[in-house]
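User: Could you help me read this structure? I would like to go through it step by step.
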Amino acid sequence: MNYLDPEKRSILAGEYVLGTLTPAVRANFERAMRFDASLARLVGEWADRFAAIDTTLQPVKPPTRVWRAIAARTTPPTVKRTGALRESLAFWRGLTAVAAGVAAALVLVLVVTTLGPQMPSRVVAVLSDKDGQPAWIVREDKARATLVVDTVHGQTVDAQHAFELWVIADKTPRPLGVIPARIDSHATIPAASVPKDGVAFAVSLEPPGGSPTGLPTGPVLYQGRVLND
Amino acid sequence: MVVATGSMDRVSSDLMQRIGRKDQSAFRELYNATSAHLFAIALRIVRQRDLAEDVLQESFVSIWDRALDYDPVRGSVMNWLVTIVRHRAIDTLRRLNVRPEGASSGDEALAFMASSSDTATDRGADRRALDRCLGELDELPRQVVVYAYAFGYTHEELAARFKTPLGTIKSWIRRSLDRLKHCLDG
């Protein structure tokens, strides 16, 4: 799908709002929109244009059981947290599905990292998006006893959000802090702060300072299992 | 419409921030202000109340989880919610693989089309502008766009309903969107 041609972008945004895109194309479009504010703006313009059709629609009050069902699934906070955790774990369990993509990406990554000027370092994990596209690399720098997190091709994120890295150990996500999205920057994490029994890494979208709860509050966008030596 | 007033939009943008911080009372406020309009939109697409109730429930659970994704650049809160509900409703029909027969959808569509061409003054400037620009489209492409928006018809359903090849339906939609955009912006 061509996201660059201005006319096509607008038409595509219109079709997105209209709802005529196939589920796969719509999902791709939503991913593109997440990192492209001007695409999001086109969608907003179309949503506002078509909303005029709804101005004569008579409201219909839903039965109270609808709110009760929603409330049961969204509160209280303690229930919500276990819910979010379970959901996230289900997502992380999907790791095997992208393993093949990760293996393919790893070949490329190893070439890139061995060509770099830094000390030889071991790739600990490659974090990919839902389509298996690699987005982040976690390397171990044994000499400095750190983990280094690099973005593969640079990410964009608006001022209201930040990427936060998590390690999954004992079925629980542990926060490792906010990681920079720019391609010329990387995060360095003391190896001692990462549990030895970590099985996977993940990156979620959080408020600027990171999750306020100590557990992911936004969508988990990238994931990758820990690769063995 | 009772909810999409200017003041509701200002409140809503702030509400989304609070919902993003998991403020349950803000969430309830949003539900109270928008659910009747959103339920009507879901009903118009899925036609059956039990399906529409599921659509509304799933949509609001997703809104609770995704509130921080809302960005004012995406248009008003209300219209962001409408897009979520419409997509959820369209997905429901895709999964069922059959469009439930509801109360006289054809009649309502015809009534809607008819109402598009009258010049009632109580519809607001946005509606009048859209009506005018829809009116500049040819008859069939206009109906295709309205069916897609109002009833969530897929390309395939539109092709069957209007007895027109799929490729023609797609190009009608693209051309209509282009013309609508220029008409409404111009």
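**Chain B and its partner**

Analyst: This is a predicted model. In chain B, 66% of the contacts between residues at least 6 apart in sequence join residues at least 24 apart.

User: What are the counts of helices and strands in chain B?

Analyst: Chain B has 9 helices and 0 strands. Along the sequence, the pattern reads α-α-α-α-α-α-α-α-α.

User: And how much of chain B counts as buried?

Analyst: Of its 186 residues, 42% count as buried.

User: At what angle do α2(B) and α4(B) pack?

Analyst: Helix α2 of chain B (residues 24–46) and helix α4 of chain B (residues 77–96) pack at about 30 degrees, and their axes are 9 Å apart. Angles under 35 degrees count as roughly parallel, and α2(B) and α4(B) are therefore roughly parallel to each other. Their crossing is right-handed.

User: Which residues make that contact?

Analyst: Among them are B:Leu38, B:Ile41 and B:Ile45 of α2(B), and B:Leu81, B:Val85 and B:Arg86 of α4(B). By class, the residues of this contact divide into 12 nonpolar, 2 polar and 1 charged.

User: Changing topic: how many residues does each chain bring to the contact between chain A and chain B?

Analyst: Chain A gives 43 residues and chain B gives 54 residues. On the side of chain A that touches chain B, α1 (6–18), α3 (37–50), α4 (64–74) and α5 (77–93) each supply at least two residues.

User: Which helix of chain A has the largest share?

Analyst: That is α3(A), with 10 residues. The side of chain A that touches chain B has 22 nonpolar, 11 polar and 10 charged residues.

Note on methods: Residues are numbered from 1 along each chain as its sequence is written. Chains are lettered from A and ligands numbered from 1 in the order in which they are written. This is a predicted model: local features need pLDDT of at least 70, side-chain atom pairs count only at pLDDT 80 or more; totals for chains, interfaces and linings use all residues. Axes are lines fitted to C-alpha atoms, for helices over the stretch in contact, and angles run from 0 to 180 degrees between N-to-C directions. Helices (H or I, at least four residues) and strands (E, at least two) are DSSP runs, numbered from the N terminus. Angles under 35 degrees count as roughly parallel, over 145 as roughly antiparallel, 65 to 115 as roughly perpendicular and the rest as oblique. A crossing is left-handed if the near helix is turned anticlockwise from the far one by less than a right angle, and right-handed if clockwise. Two residues are in contact if their C-beta atoms, placed from the backbone, lie within 7 Å. Ala, Val, Leu, Ile, Met, Phe, Trp, Tyr, Cys and Pro count as nonpolar, Asp, Glu, Lys and Arg as charged, and the others, Gly among them, as polar. A residue is buried if 20 or more other C-beta atoms lie within 10 Å of its own, exposed if 12 or fewer, and partly exposed in between; C-beta atoms are placed from the backbone.
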